Amino acid sequence: MVSWGERVGATTPRLLSHVCRRGGITSDQIGAIRVFAKSSIVEVANEVAEAFEARTRQPDERDPGILIERARAESQERGRQRLFRPASFETATSIGKMGR
């Protein structure tokens with residue numbers, strides 16, 4: 001999950017750009033993107049999921065408040081795993097866009 005949702009400006013194109021930049025992956029390694037009010041879910045290809053998780057573990061310098069964590073329930077559909085951020089901004093640590 002991604003701790004960035006529609007209420008604070010997350011859109012599918014913006015999430016795609018952020019996730020690819022942060023995780024060092026390309027758009028063809030991304031599956032479904034679901035944007036909710038306070039968080040989003042992004043599917044990342046299994047073959048890059050471990051490296052992606054390692055790269056996104058630390059806060060981002062440009063957007064330190066946007067957290068990315070592996071989803072509790074993994075989806076093996078189409079060879080992709082779901083990655084996520086906390087469901088609410090109140091539980092996420094240092095979200096640059098929090099409070100807007």
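The model is predicted, so local features need pLDDT of at least 70 and side-chain atom pairs count only at pLDDT 80 or more, while totals for chains, interfaces and linings use all residues. Residues are numbered from 1 along each chain as its sequence is written, and side-chain values use heavy atoms, with hydrogens and water left out.

Let me start with the helices, which, like strands, are DSSP runs numbered from the N terminus (H or I, at least four residues, for helices; E, at least two, for strands). The axes of α1, residues 12-23, and α2, residues 46-56, come within 8 Å and cross at roughly 90 degrees, the axes being lines fitted to C-alpha atoms over the stretch in contact, with angles from 0 to 180 degrees between N-to-C directions. The contact, meaning heavy atoms within 4.5 Å, is made by V19, R22 and G23 of α1 together with F52, R55 and T56 of α2.

Turning to charges, the structure holds 4 salt bridges, each a side-chain nitrogen of Lys or Arg within 4 Å of a carboxyl oxygen of Asp or Glu. In one of them D60 meets R21 at 2.8 Å, N to O; D60 lies in the loop between α2 and β3 and R21 in α1, so the pair ties together parts that are 39 residues apart in sequence. R21, D60 and D63 are linked in a network of salt bridges.

Another salt bridge joins E53 and R70, also at 2.8 Å, N to O, and this pair links helix α2 with strand β3, 17 residues apart.
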